[in-house]
Amino acid sequence: MTPNIADVPTSAAVPTDRAMVRVEHVSKRFSLRHDRSLKELVFSALQRKKLADTFMALDDVDLTVHAGETVGLIGFNGSGKSTLLKTISGVLFPDLGRVMLRGRVAGLIEVGAGFHPDLSGRENVFLNGAILGMSREQLEERFDDIVAFSEIEEFIDTEVKYYSSGMFLRLAFSVAVHTDPDIFLVDEILSVGDEPFQKKCLERIRELQAAGRTMVVVSHELEMLQKLCTRIVVLRKGKIIFDGDPTEAVAVLRAS
Amino acid sequence: MTATAPARRTPSAAERAEGWKAPGQDAGWLNPLKERFLLRLLVKKELRVRYRGSVLGMVWSYVKPAVQFLVFYIAMGVFLELNKGTPAYAVYLFSGIVVVNLFGEVFGNATRSITGNGALVAKIYIPSQLFPWASMMVALVHFLPQLLVLVVGAVLNGWLPSPTAAVAFLLGMLILLVFTMGLGMLTAALNAAFRDVENFVDLIVMVATWLSPVLYRIDMVQKSLDGTILWWIYQLNPLTIVVQLFHIAFWRYSKPVVDELATDHPFAYTLAQPGEPYGLWWAGLLIAVAVFVIGTIVFERSKRRFAQEL
């Protein structure tokens with residue numbers, strides 16, 4: 001669901017000069033591997049068939065993100081936005097170049113990826129919080145806030161498989177925004193839940209910005225990013241084609 | 001795909017001093033010790049998921065070995081008359097079965113731990129060592145009831161705990177866990193690339209019961225293989241060493257065995273184990289550590305490709 005543009009708060013981010021993320025000449029090649037088993041591998045070796053087609057998901061990407069900045073990553077499908085985010089979070093490793101970070105990172109690459117349907121909401125909050133890097137003390141301290149934010153108090157001990165998809169996303173998002181890292185990686189999650197909840201999420205993002213958190217946000221909601229970000233990077237076929245003012249960036253993407 | 005030298009990937013000393021680090025740069029094989037809280041939650045999750053929708057739940061971890069034991073006891077002990085030459089054959093048999101079961105479960109679960117948690121591995125960064133370690137701890141939880149049954153059975157057969165038994169048991173557990181975790185990390189890493197590996201592992205687990213002295217006694221193997229290289233290979237199998245240690249711990253010093261050895265029965269001497277009491281424990285430990293090191297290295301080298309391969 002697209003957030004109501006009037007609800008999107010203006011950016012509260014205060015950029016500083018302290019670099020938090022350094023992406024240095026990062027390239028990542030993906031192979032579309034067809035061969036999944038040894039048998040197929042042996043046969044393709046015998047037939048001298050080409051093993052896999054490859055493409056450059058990231059091509060010599062250079063990017064520095066400073067503390068307090070909210071950087072948007074935009075581009076069409078397959079332009080390498082998510083790959084870049086995954087490379088920064090440490091899920092993927094660059095083939096060439098390197099990524100360096102300062103401070104603790106939490107990647108919200110996909111809301112609810114760490115959730116298990118057979119566990120209760122409470123158990124999932126703990127498991128997912130720990131996966132996102134929270135300690136037991138932090139979790140116990142913030143548990144009530146997390147549940148209150150998600151507004152599903154009465155179902156917290158129900159197994160997650162009985163949740164509606166909206167409830168599920170609310171809880172997952174709530175855990176994620178309470179992890180309180182120095183660097184926040186956000187992939188297409190600002191479109192969860194109903195309108196009031198979305199408003200709340202955006203409000204929370206604004207709070208994090210005001211608190212000086214660094215954010216890298218991937219989204220297709222161009223208007224929203226334009227308001228939320230201090231800087232936008234446009235990617236096309238794994239290359240950075242624009243890096244700078246949000247309004248210009250959106251124009252660049254629309255023109256291409 | 002050209003690989004850059006690792007030195008270029010990680011921050012230099014000067015950069016580290018400024019607080020820079022590479023994403024996914026973690027404590028490697030020490031992670032399970034550092035991330036104990038997360039590890040515990042993962043174990044809890046595994047246990048919960050394992051018995052979802054099952055009425056008997058944990059009871060299954062008693063039922064399965066019990067049935068397995070009965071079948072082997074009837075087929076090997078009664079039909080093939082192995083219990084005639086072996087006093088307290090039931091204890092002998094069960095102390096081997098628990099070893100092979102633990103081996104099978106740790107090995108099998110660890111092999112599937114990366115592919116089984118694919119959704120997580122591909123999306124969120126977690127130190128991936130935690131997955132095989134969580135599998136091992138789940139297997140240990142299932143091992144405890146079996147151990148309890150074994151101890152009760154041994155006591156009923158005139159066994160009393162002793163320092164020798166305790167040392168043999170602890171040595172056996174140490175060798176078994178280090179060895180199996182080494183193998184498990186190796187196969188977990190390979191299984192992420194080729195799913196064939198898990199079937200191969202099932203095969204090894206199936207064969208393991210028969211290639212270590214679980215059902216028969218080791219002197220029977222010596223009788224047919226003595227003097228050949230195969231006899232040495234058989235003895236150096238870490239599982240053989242661990243099963244023997246378990247026999248020492250729970251069977252060898254129980255009353256029926258000691259009594260039988262004291263008689264002048266012509267074959268009574270065969271009940272004594274080679275190299276009593278701890279046999280080739282040092283060789284077992286050495287092999288186990290070597291396998292663990294190899295497993296860790298392979299795992300560490302391939303873990304950065306997991307997210308791509310799943």
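Predicted model: local features only at pLDDT ≥ 70, side-chain atom pairs only at ≥ 80, totals over all residues.
Two strands are taken to pair if DSSP finds at least two bridges between them. Strands of a sheet pair through backbone hydrogen bonds, in either the parallel or the antiparallel sense.

In chain A, 32 residues are in contact with 33 residues of chain B. By residue class, the side of chain A that touches chain B divides into 17 nonpolar, 7 polar and 8 charged residues.

The buried residues of α2(A) include the charged residues Lys81(A) and Lys86(A). Ser82(A), Thr83(A), Thr87(A) and Ser89(A) are buried as well, as are Leu84(A), Leu85(A) and Ile88(A). Just after α2(A), Gly90(A) takes a positive phi of about 95°.

Chain A also contains an open sheet of 6 strands with mixed pairing, in the order β5-β6-β7-β3-β8-β9. Strands β5 (105-108) and β9 (239-244) stand at the edges of this sheet; each has a single partner strand, so one side of each is left without a neighbour in the sheet. From one strand to the next, the twist averages 15°.

At the β5 end of the order, β5(A) and β6(A) pair in the parallel sense over 4 bridges. On to β7, the parallel sense is kept: β6(A) and strand β7 (residues 214-218) of chain A run parallel and are joined by 5 bridges. Here the bridge partner of Phe184(A) is Met215(A) in β7(A).

Strand β6 (residues 183-187) of chain A is largely enclosed by the rest of the structure, because 5 of its 5 residues are buried. In a regular strand the side chains alternate between the two faces of the sheet. Both faces of β6(A) are covered: on one side Ile183(A), Leu185(A) and Asp187(A) are buried, and on the other Phe184(A) and Val186(A) are buried.

Further along the order, strand β3 (residues 70-74) and strand β8 (residues 231-236) of chain A pair in the parallel sense over 4 bridges. Along this pairing, Gly72(A) stands opposite Ile232(A), and Leu73(A) stands opposite Val233(A). The pairing of β8(A) with β9(A) is antiparallel, with 5 bridges. In this pairing, Leu235(A) has Ile240(A) of β9(A) as its bridge partner. β8(A) and β9(A) form a hairpin with 2 residues between the strands, in which Lys237(A) takes a positive phi near 50°.

The secondary structure of chain B comes to 17 helices and 1 strand. The C-alpha atoms of chain B fill a box of roughly 75 × 50 × 35 Å, taken along the principal axes. Of the 310 residues in chain B, 42% are buried. Among contacts in chain B between residues at least 6 apart in sequence, 83% join residues at least 24 apart.

Helix α10 (residues 163-193) of chain B has 31 residues and reaches 45 Å from its first C-alpha to its last, close to the 45 Å expected at 1.5 Å a residue. Helix α10(B) is largely enclosed by the rest of the structure, because 22 of its 31 residues are buried.

Glu81(B) lies in the loop between α5 (60-79) and α6 (82-85) of chain B. Since a residue counts as exposed if 12 or fewer other C-beta atoms lie within 10 Å of its own, Glu81(B), with 11 such atoms, is exposed. From C-alpha to C-alpha, Glu81(B) and Thr180(B) are 32 Å apart in space, and the two are 99 residues apart in sequence.

Definitions and conventions. Residues numbered from 1 in each chain as written. Chains lettered and ligands numbered in written order. Buried ≥ 20, exposed ≤ 12 C-beta atoms within 10 Å, placed from the backbone. Axes fitted to C-alpha atoms, helices over the stretch in contact; angles between N-to-C directions. Expected span 1.5 Å × (residues − 1). Contact = placed C-beta atoms within 7 Å.
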